[in-house]
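Hi everyone, thanks for making time for this. I'd like to walk you through one model today, so let me put it on the screen.

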Amino acid sequence: MSDIAQEAWRKYLIQLQVHPLRTKAITAGCLAGCSDLIAQKISGVKRIQLRRLLLIMVLLEQMTSSPWNNFFFMMYYGLVVEGRPWGSVRSKVRKDYPSVQLTAWRFWPIVGWINYQYMPLQFRVLFHSFVASCW
């Protein structure tokens, strides 16, 4: 293996240990995108369908990070911001989490699609943060 490939692999393994969930989510997204590109080429598509790749990215984001973000936000808000006891927060999360997550799955894929499709790269974090503030 070349020195560049070995160094990249070493850094990847470090990231896998330090940030396992994020690293696996990014890896899954990259592999899903690459496999879709390969599938499009093999099937004889003349022009790569970027919308299909964007859809995969949005879906992957919603299936990996969204549930955790909502769960931890609800826990943090109840325990730290509202200062409620653990039992109260736990029962509220059990009661409200499913509806919060379903609502998020209706709303955030549209935001993700707009962000990936229309936002210039330098404004994506700003756009997402603004929408998150409104959410």
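The chain is assigned two domains, domain 1 (1-43) and domain 2 (47-134), with bounds that come from an automatic or database domain assignment. Before we go on, a word on the ground rules: this is a predicted model, where local features need pLDDT of at least 70 and side-chain atom pairs count only at pLDDT 80 or more, while totals for chains, interfaces and linings use all residues. Residues are numbered from 1 along each chain as its sequence is written, and side-chain values use heavy atoms, with hydrogens and water left out.

Back to the domains. Taken over C-alpha atoms, the centres of domain 1 and domain 2 are separated by 23 Å. Domain 1 puts 11 residues into the contact and domain 2 puts in 9 residues, where contact means heavy atoms within 4.5 Å.

Now for the pockets. A quick word on method: on a 1 Å grid over the protein atoms alone, a pocket is an open set of points where a 1.4 Å probe fits, with protein on both sides within 12 Å along at least five of seven lines, and lining residues have an atom within 4 Å of a point. Grid points are joined across faces, edges and corners, and a volume is the space filled by probe spheres set on the points.

The largest pocket has a volume of about 470 Å³. It is lined by 16 residues, and the closest to its centre are A25, I26, L60, E61 and T64. Which helix gives the largest share of this lining? That is α2, with 8 residues. Helices α2 (20-42) and α3 each supply at least two residues of the lining; helices here are DSSP runs (H or I, at least four residues), numbered from the N terminus. Domain 1 and domain 2 each contribute at least three residues to the lining of this pocket. By class, that lining has 9 nonpolar, 5 polar and 2 charged residues. For the record, Ala, Val, Leu, Ile, Met, Phe, Trp, Tyr, Cys and Pro count as nonpolar, Asp, Glu, Lys and Arg as charged, and the others, Gly among them, as polar.

On to the second largest pocket, which holds about 360 Å³ of space. Of its 13 lining residues, N69, N70, W108, A132 and W135 are the closest to the centre. Helices α3, α4 (86-118) and α5 (124-134) each give at least two residues to this lining, and the largest share, 8 residues, is from α3.

Rings of Phe, Tyr and Trp (its six-membered ring) pair if their centres lie within 6.5 Å; planes under 30 degrees apart count as stacked, over 60 as edge-to-face and the rest as tilted. That rule gives 6 aromatic pairs. One of them is W68 with F72, a stacked pair at 5.6 Å centre to centre and 20 degrees between the planes. Both residues lie in α3 (residues 50-81), 4 residues apart, about one turn of the helix. W68 counts as partly exposed because its relative accessibility is 44%, and F72 is also partly exposed, at 49%. The cut-offs are under 20% relative accessible area for buried, over 50% for exposed and partly exposed in between (1.4 Å probe, protein chains only). W68, F71, F72 and Y97 form one aromatic cluster.

Last stop: T23, which lies in α2. Is T23 buried or exposed? It is buried, since its relative accessible area is 8%. Leaving aside residues up to four places away in sequence, T23 touches Y12, Q15 and L16.
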